[in-house]
Amino acid sequence: MAVNVEDDDVPLILTLDESRGHVSAPEEPPSENGGSYDLINDVPSPAAGDCYPQRSYVRDNWEMNYQEAAIYLQEGENNDKFITHPKDAKALAAYLFVHNHLFYLMELTTALLLLLLSLCEAPAVPMLRLGIYIHATLELLALAIVVFELSMKMRWLGFHTYIRHKRTMVKTCVLLLQFIEAIVVLVRQTSHVRITRALRCIFLVDCRYCGAVRRNLRQIFQSLPPFIDILLLLLFFMVIFAILGFYLFSPYKSDPYFNTLENSLVNLFVLLTTANFPDVMMPSYSRNPWSCVFFIVYLSIELYFIMNLLLAVVFDTFNDIEKMKFKSLLLHKRTAIQHAYRLLVSKQRPSGISFKQFDGLMRFYKPRMSSRDRYLTFKALNQSNTPLVSLKDMHNFYEVVGLKWKAKKNREHWFDDLPRTAFLIFKGINILVNSRTFQYTMYTLVAVNGLWILVETFMLRDGIFSRDVPWSYIVFLTIYGVEVLLKITGLGPIEYLSSGWNFFDFSVTLFAFLGLLALAFDMKPFYFIVVLRPLQLLRLFKLKKRYRNVLDTMFELLPRMASLGLTLLIFYYCFAIIGMEFFSGKLYHNCCNSSTVADAYRWVNRTVGNRTVVEEGYYYLNNFDNVLNSFVTLFELTVVNDWYIIMEGVTSETSHWSRLYFMIFYIVTMVVMTIIVAFILDAFVFRMNYTRKNRDSEEDSGIVFEREVFKEEMTAVAELYGRNGAASAASQLLKVVSQMDRHRQTSMLFLGRRSRTKSDLSMRMYEEEIQEWYEEHARKEENQLLWQDDEQLLNQPLHPPGLRQRSQTII
């Protein structure tokens, strides 16, 4: 492929004012899909004396186009709306200031500081308590930083776009409220009821690093309509059964569960979680065995039918949302690529992007990418093997830009260049470790080791762990160590550690060796490492493909599960703050004596003979006295085992309206947990469907591109960098050329690899529908362009000569 190195290209779209040399702002903010370009139909020919100023002007235009194209591609990757695209030089400076990792860290640190203040504010964790003046000052300082962040965001977005950005406006309103409350606390020097502290989590959700949490919350809200429909059906049957139970069982005063309609509703709600079953049934069942029919029918309808129907409906909605989200992001990325493409083509070559323009784009989009990798990425995009990348090629930008490039080795194994005797030894080791006999022998030894650990644990007396090093530990650790050494020797360190399973084996063996040292030298703080020995048993899951699929899916889900866990913690934080404000100090020893759960909170000293016996109900520990205790209590409520004891204890010390707090918390966690279950089901079903559809494909190899680079190409590209003053980039390419000379090669093969993502799997799963989406998208673009052309003809403003609007891109 020839490399075009011409320097006289003029951008097809100018972003600078020709007469003044600065970025000019558009009069109208761009639409969500972008605005329109001013195409250059004519560029004045410079006079002889004006050659250098004109060339400098064109170069400045290209630099601005590169930067704007990179921003569009980042917006496509991050799924940011184009309405937030910077509109002028001042907005661009603010955009670049806001979009860097130092700013992201400041944003995250400030949000975490505001959340952690709940540890120090009343009711505080005893050892972390701070004075009112200190924590109120820290809060004001953090809020001032948030004000600075939002002011930079307004400078970038502009006032009109800022007030139309819903999440930012919510954050602004919460900030104003928090500011007023912090000032009031500082002036009064005393805390008051501050339920609004629960809103501090909004600052964390709005952080750049919490984009996955925002997507989870959006998905939860999108799943709410069908969830609420089924929930209303569930509550409807609950009310019907509560009325029926009241009429059936209230005449018997010995039955405390149905003596009022309120108690009937509450106890049937608790029965839905099975926490009070069969206790709630036993009084009536003791009088009349046929009364069990009432409870059996209720649980069959509510628990086993409607609750499972709820999961099915949410799962179906979740599938539709996931598919629509993929479609939306795919088309958004395609539009972003089209925006960038229009900015990168030149007047001389409007049919594609040359390497010079692509390199300029990558300097802003991925500044740390080496010059070699930029060229290889350009070649990977260029399917037609021409000097220009077409728009069709550019549509694969996001699939190619993440590749990690390495030169393909000419040798098959790391030991190919060794002397013949050494080569034969290492070749034999390589054949051994790759043989099925070796693998199944190791699986058998792992299984025997697992059984031995089970027998050893069973034989422990009184649960006392022996401090002596067992001989079996040394034997099996020696076997695992020899296996690791053989594999590293036969495969080579790089190839060995490139496998996830091998890395896992190496880590477990290393921890087992550290555990042996801890036992041998009596290092008590490190005895916990010994417990990690049974992790070797996970290797047995490699034997069956279904187990491998399960584990692979589990590891793929870990990042998303982490974001879902953080989403759940945010709900915990909100409920913990509310619980502390209303229920702090309400639960203690011997409280709740007037309730049906008094025994769970009773703390009594009794003398039996010469001994003092303490009868202690531990439920007083499940309180809301500080944020840490509140999180533990909320987790117990999530598990729902005996959760009604905590609810009834709080209710007896406050008001019967307190039950609403616990019931709402159960419903909210049920929503989140149902979404988590739906997500796991969707991931497994999607992977299984993909596996069935692509039985012959090798998923584990990931995405691989292979490109051959000739010496003449590298030399030409290095000369291009040299003429542009990029000496370091040129030297990187000349190193590749010298490497070819050293091995007497005229070309070199490079492999680009990256791991396969769910987006790649979705591209394969929906490849037929994707073409329909593209056609539909193209028709919408064409219609919108025609509409914009008509609008421009009707409302075309008159500009002074030489003044050009900054481009806001096509649809």
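Predicted model: local features only at pLDDT ≥ 70, side-chain atom pairs only at ≥ 80, totals over all residues.
Author: Local features need pLDDT of at least 70 and side-chain atom pairs 80 or more, while totals for chains, interfaces and linings use all residues. Residues are numbered from 1 along each chain as its sequence is written, and side-chain values use heavy atoms, without hydrogens and water.

Reader: Why is the pair K171 and D206 called a salt bridge?

Author: A salt bridge is a side-chain nitrogen of Lys or Arg within 4 Å of a carboxyl oxygen of Asp or Glu. The closest N and O atoms of K171 and D206 are 3.0 Å apart, so the pair meets that rule. K171 lies in helix 6 (residues 166-188) and D206 in the loop between helix 7 (201-205) and helix 8 (211-249), so the bridge ties together parts 35 residues apart in sequence. Helices are DSSP runs of H or I with at least four residues, numbered from the N terminus.

Reader: What makes K171 count as buried?

Author: Buried means under 20% relative accessible area, exposed over 50%, and partly exposed in between, with a 1.4 Å probe and protein chains only. K171 has 2% relative accessibility, so K171 counts as buried. D206 is buried too, because its relative accessible area is 6%.

Reader: Why are R659 and E648 said to form a salt bridge?

Author: Their closest N and O atoms are 3.1 Å apart. R659 is in helix 24 (residues 659-693) and E648 in helix 23 (residues 643-653), so the pair ties together parts 11 residues apart in sequence.

Reader: Is E768 buried or exposed?

Author: E768 has a relative accessible area of 67%, so E768 is exposed. This residue is in helix 28 (residues 767-794).

Technical notes: Helix = DSSP H or I, 4+ residues; strand = E, 2+ residues; numbered from the N terminus.
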